[in-house]
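Have the sequence and the 3D view open as you read.

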Amino acid sequence: MAARKARQTPPSPRRLAVQVAGQFLAGGLVMVAGLAGLARAAGVRWHAGALPEDARNAIFVGVGAVVVLLLVWRQLRRDWPDAVSAADAGRAPTRDYLTGLPDREGLRAALDTRLAAERGIGQAALVLLELRGLSVVNDTRGLAVGDALLGEIAERLNTAFGPDSDQAGVVARLSGDEFALLLDAPAGTDPAEAGLRAAQRAVAKVDQPVVVPGHTLHVAGRAGVAVGDPEIDGPGPWLQRADLALSHARSDSTDPVCLFEPVFAESARVQAQLESELRAAIEQKQFELHYQAKVDLADGRIVGAEALVRWRHPAFGLQMPGRFIEIAERSGLMVPIGGWVLRSALKAAAGWPDVGGARPHVAVNVSAVQLADPYFESYLDAALADSGIDHERVILEMTESMLQLDSQALVDRLKGLRARGLGLSIDDFGTGYSALAYLKRYPVSELKVDRAFVTTLPDDPYDHALVGAILQLAAALDLPVTAEGVETPAQAGALARIGCTRAQGYRYAMPLPAPDFAWLLHHHPRLPVPEQASKARAASP
């Protein structure tokens, strides 16, 4: 109990001043109320001018006390932070309840101590270590098994890097799946190399199987390293550097360990600024859609269009998706942006005219973030209902990498979308780890061949063979194929000769704003197609 009381933060100076002033005023008011009651009982008329001198003095004293206390509070405000810091410095380091290691507050205390020493700070390295797969263990084996795994990992790290090891460092647990190591590099060694080696050793220890009663568990580690710097102002910036390095390790599929570099901080600043601007763009409706035609290679008829989002930045003009989509997905902004794209694309496509007896379809890209959103079907159904478009005219495009998640939840969601009559297309087919199992497991209705295979198709036998194999596979599964990035007559002709039925690219039309694409449909519903391509398609069985 005494330890708990010692850790309580003292009340703020504002609260102290208010409490004491309240006590003064309450005392004065009680005295006045008592005198008023006595006056009424004695039949004396009560009014402000008839206040006894003692009562007036009590009120004056109370008001004066409030003024004095407010002046005292004003002074305390300047001195209070130092007083609280001094009190905090005297606290015992706090511990993680599960592992017994120092927690985040304990680590900050260790960093404070190391920074206060100043001498040799450049030889210190901070490592942030993250466990990948802990949530899966908790979800499938239960929290008790997950806690046992964490206890074993903590023991390994503390044995290898803790105060009783040859490293004589500090090992802390910061959150559910994050640990930290604070180490000093041996004299005469490069602290960056020493920190990286320690991080690699830590990751290796995490990667080893963990055996708990009845279970053999596997998790993986990744780590960010930040070397001490005399210019670091407190534990916060040091932790921030290590966290930025860890963020880069997360995005690097080849190396689970990353050393902080100054450019990371600038990159984080730029991304934070871009995220802020994206939020403003959503509120101010700065996004717009452009539509790129998809044509039938046999006769040039426009059979559909892909809706492509653009950002009309107030300072930098029209921004392509590559500039902002990744940050939108990481920040959670892809859900509102994607919802707007669906509503706008379906509404525009609902008004397109017939072309050759059929109304063109519209293809809309959806991200993994959107498909993981539990409300995705809700705002999709609302967009379908509001637009009134035939469901068969809507195709949702997904990248091949999304299908590598291979979860039953994704399978069930995609089957639900197909049950609504919507089409599902695999975009950039052939660029990822293409597996025939995807085509069997997922209810796909179209394949799109990536532009990387189309660019050199006329001259590269390897690409020619690959595209031909994809087309044969699609024909066997009765799936239409659209080739992306078609820019030249030679590419279009080569595609037609090997049996491709649809194409999309600058050869036919660049992405156009909605009014321009509507004009194109009304005035040029059939786009130029090379003569040899038309003959080749007409002669094919």
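Strand β14 and strand β15 (residues 481–483) run parallel and are joined by 3 bridges. Within that pairing, Val449 has Ala483 in β15 as its bridge partner. Strands count as paired if DSSP finds at least two bridges between them. Helices (H or I, at least four residues) and strands (E, at least two) are DSSP runs, numbered from the N terminus.

Bear in mind that this is a predicted model: local features need pLDDT of at least 70, side-chain atom pairs count only at pLDDT 80 or more, and totals for chains, interfaces and linings use all residues. Residues are numbered from 1 along each chain as its sequence is written, and side-chain values use heavy atoms, with hydrogens and water left out.

β14 (residues 446–449) is covered on both faces: Glu446 and Lys448 are buried on one side, Leu447 and Val449 on the other. Buried means under 20% relative accessible area (1.4 Å probe, protein chains only).

| Pair | Sense | Bridges |
|---|---|---|
| β13 (residues 423–429) and β14 | parallel | 3 bridges |
| β14 and β15 (residues 481–483) | parallel | 3 bridges |
| β1 (residues 124–132) and β3 (residues 178–184) | antiparallel | 7 bridges |

Elsewhere, an open sheet of 5 strands runs β2-β3-β1-β6-β7 with mixed pairing. β2 (170–175) and β7 (257–259) sit at the edges with a single partner strand each, so one side of each has no neighbour in the sheet.

How values were computed. Buried means under 20% relative accessible area, exposed over 50%, partly exposed in between (1.4 Å probe, protein chains only).
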